[in-house]
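I opened this model to look up its strands, its pockets and a few side-chain contacts. My entries follow in the order I made them.

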Amino acid sequence: QAVHAGVALREGADLRNLQRAAEGQAMRTVGMGIATGMVRTIAPGVPGLPGRALSGPALDEARRLKAAARDLPAGGLLITQTTCDRLGSSQSQFTFGRAGRIPTPGSEAGILIREVLERTTRLVPDEDPGGEADPGAA
C-alpha cells in the first residue's frame, strides 16, 4: 500500500503543479523514496525537543532515494529493489521505468533501485466532484 500511496501523492503534486502553472506560479519538483526494512524509535537527544525520532538503515535508504528522485527531470518516485520484490504479484499494479544503483557510504554495491512511473490499478476508486465513484478506476 505504501507504493500506491506514493503514486497517489505524486499524482496529487502533479495536479497541484497544473494549478500553479495556470495561476502563473512556478512548478515544484517532488521527489519521493520508499524503502523496506526495520526502523527504530529513539529519544531525540536534543534537550527540550519533545517526541521521538526514527532511525535505521531503511530510513537512510529512503532519504537517499528521495534525494535521487528530486534529481529526476520531473521529480518522481523511487523504490528499493527489496520493496519491489516485496510487492510480489502486486508488481503488476504498477508500471516501472529505469532501474539502477545509487551510491551509499560504506558500500561499493550501493542501493538497487526502481523508478515507479504509474499505477495500473487503484486501491480506492476516484470520485468525481459530485461524489460519484469513477467506475473505470477500479
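**Entry 1**

I began with K66, which lies in helix α2 (residues 57-70). Helices here are DSSP runs of H or I with at least four residues, strands are E runs of at least two, and both are numbered from the N terminus. The model is predicted, so I kept to its rules: local features need pLDDT of at least 70, side-chain atom pairs count only at pLDDT 80 or more, and totals for chains, interfaces and linings use all residues. Residues are numbered from 1 along each chain as its sequence is written, and side-chain values use heavy atoms, with hydrogens and water left out.

The cut-offs are under 20% for buried, over 50% for exposed and partly exposed in between, with a 1.4 Å probe and protein chains only. K66 is 32 residues from I34 in sequence, and their C-alpha atoms are 8.0 Å apart.

A62 is also found in helix α2. A62 counts as buried because its relative accessible area is 17%. From A62 to I79 I noted 7.9 Å between C-alpha atoms, for a separation of 17 residues along the chain.

**Entry 2: the overall layout**

I listed three helices and six strands. Along the sequence the pattern reads α-β-β-β-α-β-α-β-β. The protein has 138 residues, of which 30% are buried.

**Entry 3: β4 and its partners**

Next I looked at β4 (76-80). How many of its residues are buried? Five of the five residues in β4 are buried. G76, L78 and T80 point one way from the strand, while L77 and I79 point the other way. In a regular strand, side chains alternate between the two faces of the sheet.

I then checked pairing, which requires at least two DSSP bridges between two strands. Strand β1 (residues 31-34) pairs with β4 in the parallel sense over four bridges. I34 has I79 of β4 as its bridge partner. β4 and β6 run antiparallel and are joined by four bridges. On that side, L78 stands opposite E115 in β6, and T80 stands opposite I113 in β6.

**Entry 4: the β5-β6 hairpin**

Strand β5 (residues 94-104) runs antiparallel to β6, with eight bridges joining them. I102 has I111 of β6 as its bridge partner. The two strands form a hairpin with two residues between them, and G106 in the turn has a positive phi of about 80°.

**Entry 5: aromatic contacts**

I searched for ring pairs, using the rings of Phe, Tyr and Trp (its six-membered ring) with centres within 6.5 Å; planes under 30 degrees apart count as stacked, over 60 as edge-to-face and the rest as tilted. The search gave one aromatic pair. F94 and F96 form this tilted pair, with 6.3 Å centre to centre and 50° between the planes. Both F94 and F96 are buried.

What sits over the ring of F96? I found the charged end of R114 there, 4.6 Å from the ring centre. The test asks for NZ of Lys or CZ of Arg within 6 Å of the ring centre and within 35 degrees of the ring normal.

**Entry 6: the pockets**

A pocket is an open set of points on a 1 Å grid over the protein atoms alone, where a 1.4 Å probe fits and protein lies on both sides within 12 Å along at least five of seven lines; lining residues have an atom within 4 Å of a point. Points are joined across faces, edges and corners, and a volume is the space filled by probe spheres set on them.

The largest pocket has a volume of about 220 Å³. It is lined by 16 residues, of which R10, D14, A74, G75 and G76 are the closest to its centre. α1 (2-22), β4 and β6 (107-119) each supply at least two lining residues. The largest share, four residues, comes from α1. I sorted the lining into eight nonpolar, four polar and four charged residues. For this sorting, Ala, Val, Leu, Ile, Met, Phe, Trp, Tyr, Cys and Pro are nonpolar, Asp, Glu, Lys and Arg are charged, and the others, Gly among them, are polar.

The second largest pocket holds about 170 Å³ of space. Of its 13 lining residues, Q1, A2, V3, T83 and L87 are the closest to its centre. α1 and α3 (81-87) are the elements that give two or more residues to this lining. By class I noted six nonpolar, six polar and one charged.
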